[in-house]
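Dear colleague,

Please find below the structure that I am handing over to you, together with its sequence.

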Amino acid sequence: MSDRSKTPTGETLLANATLVLPDRVMRGVLHLQGDRIIGITEGDAVPTGAVDLGGDHLAPGLVELHTDNLERHIQPRPKVDWPHDAAIIAHDAELAGVGITTVFDAMRVGSVPSGKRGDYAKYARGLASELLDLRGRGALRISHFLHLRAEVCSQTLLEELAEFGPEDRVGIVSLMDHTPGQRQFRDLSKLAQYVKGKHGLTDADFDEHVATLMALRAENGAAHEAAAVAAAARFGAVLASHDDTTAGHVATSAAYGIRLAEFPTTIEAAQACHDHGIAVMMGAPNLIRGGSHSGNVAAAELAEMGLLDIVSSDYVPAALLSSAVRLGAIWNDLARGIATVTAAPAAAAGLADRGRLAPGARADLIRFRLLGETPVMRETWVSGQRVA
């Protein structure tokens, strides 16, 4: 926003806006000063010097807790390693363009570096350093934190976790367990379809891959889970579970002190999460597509049961705002839908300064227009500065 849009007192007024507040939607004026929201006025008047938004929706910037989008930019095709600075900057710009103003970039820690097809090498420390360096040089538009996905079914988790410290902006550590035959891939045929397609494995290769992972889980699983829990405490990060399937999984999560569940795969697990006071996060693609690509519980079903709290874009950044609008339609409450991608994820990540339109909050904002139930992004601001 230019100086021409400021009042003599130095305020910026965004007027004639459909404001998405924490508990309702109303027409009004948002008052900004510097990087903060300082007031809200109800009504459709356009004060002198204000920016007229023409009735467009004005909502908090979106908060994304789990996205694989950076990995997609780094490796846009199999065996293609794109220049990392360019990939990180493009990822950041894409997120700004779809209204995401705070992101927890997901990076896997824990590898199986045997060199066989289907195995995977470490990458997180190097990529994190590159991202944090670009952030330090002011090259990124939005607020970036790290989300370390701690793969317990691996060989190298302990040493990879040891490479990170409290200075690395690690905001979330999630306990990942991709052991074949449980959680996300209880159905081995679904795992076979995914892994064979991604890595070109033969039937024999796949059988060997499954046996290797199951042996690693038996050998390292307990120690790796304990190390990930300890690392989250060392970083000052939120600890999350991933792909809880049974009430037993959720009870284990609760015992670790987990308060965020990523993508529970069954109604049983989602209900157990709520019983334990654990927030349930589901993927926007699941909601938009009408179901899980892995054959697990549909996000819409959990929403209709009142068991969905937070949405993540997962692998489609543009789906985040669309999913919030979709939830608003399901619940007949747009403010509640938008809260699943703003206030709720901010609270789950311990970020008290953003995620809502309220005096004192950061001026992280999005402006969008609705075409039916399809949101059209117009502008994105971070700390009071337009970035897209």
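**The cavity**

By the rule applied here, the count comes to one cavity of 30 Å³ or more. Please note that the model is a predicted one. The space in the largest cavity is about 50 Å³. Its lining is made up of V20, L21, P22, P60, A335, I338, A339, T342, A343, G355, R356 and L357. Of these residues, nine are nonpolar, two are polar and one is charged. Which element gives the most to this lining? That element is helix 12, residues 334-339, with three residues.

**The loop between strand 10 and helix 7**

The loop between strand 10 (238-242) and helix 7 (247-256) holds D244. Is D244 buried or exposed? With a relative accessibility of 1%, D244 falls under the 20% cut-off and therefore counts as buried. The side chain of D244 is in polar contact with the side chain of S241, at 2.7 Å.

Along the chain, S241 and P264 are 23 residues apart, and their C-alpha atoms are separated by 8.7 Å.

D243 is placed in the loop between strand 10 and helix 7 as well. Its relative accessibility is 4%, and D243 therefore counts as buried. The backbone of D243 deserves a remark. Most residues other than glycine have a negative phi. D243 is not a glycine, yet its phi is positive, at about 60°.

At a relative accessibility of 2%, W381 counts as buried. W381 and I142 are 239 residues apart in sequence, while their C-alpha atoms are 8.9 Å apart in space.

**Aromatic rings**

How many aromatic pairs does the structure hold? There is one aromatic pair. The pair consists of F104 and F145, whose ring centres are 5.0 Å apart and whose planes meet at 15°, so the pair is stacked; the angle is to be read against the limit of under 30 degrees for stacked rings. Distant parts of the chain are linked by this pair, since F104 lies in strand 7 (residues 100-109) and F145 in strand 8 (residues 143-151), 41 residues apart.

Two arginines are placed over aromatic rings. The charged end of R125 sits over the ring of F164, at 4.4 Å from its centre. R336 lies over the face of W331, and the distance from the ring centre is 3.7 Å.

**Further contacts between separate parts of the chain**

H57 is located in strand 5, residues 57-60. With a relative accessible area of 13%, H57 is buried. What separates H57 from F368 in sequence and in space? These two residues are 311 residues apart in sequence, and 5.2 Å apart in space from C-alpha to C-alpha.

M214 is found in helix 6, which covers residues 203-235. The relative accessibility of M214 is 44%, so this residue counts as partly exposed. M214 and C153 are 61 residues apart along the chain, and the distance between their C-alpha atoms is 7.7 Å.

Yours sincerely

Notes
Residues numbered from 1 in each chain as written. Predicted model: local features only at pLDDT ≥ 70, side-chain atom pairs only at ≥ 80, totals over all residues. Heavy atoms only, no water. 1 Å grid on protein atoms, 1.4 Å probe; cavity = no way out; pocket = protein on both sides within 12 Å on 5 of 7 lines; lining within 4 Å. Points joined across faces, edges and corners; volume = space filled by probe spheres on them. Helix = DSSP H or I, 4+ residues; strand = E, 2+ residues; numbered from the N terminus. Nonpolar A, V, L, I, M, F, W, Y, C, P; charged D, E, K, R; others polar. Buried < 20%, exposed > 50% of the residue type's maximum accessible area, 1.4 Å probe, protein only. Polar contact = N/O pair within 3.5 Å; in protein donor to acceptor, adjacent residues only side chain to side chain. Phe/Tyr/Trp six-rings, centres within 6.5 Å; stacked < 30°, edge-to-face > 60°. Lys NZ or Arg CZ within 6 Å of the ring centre and 35° of its normal.
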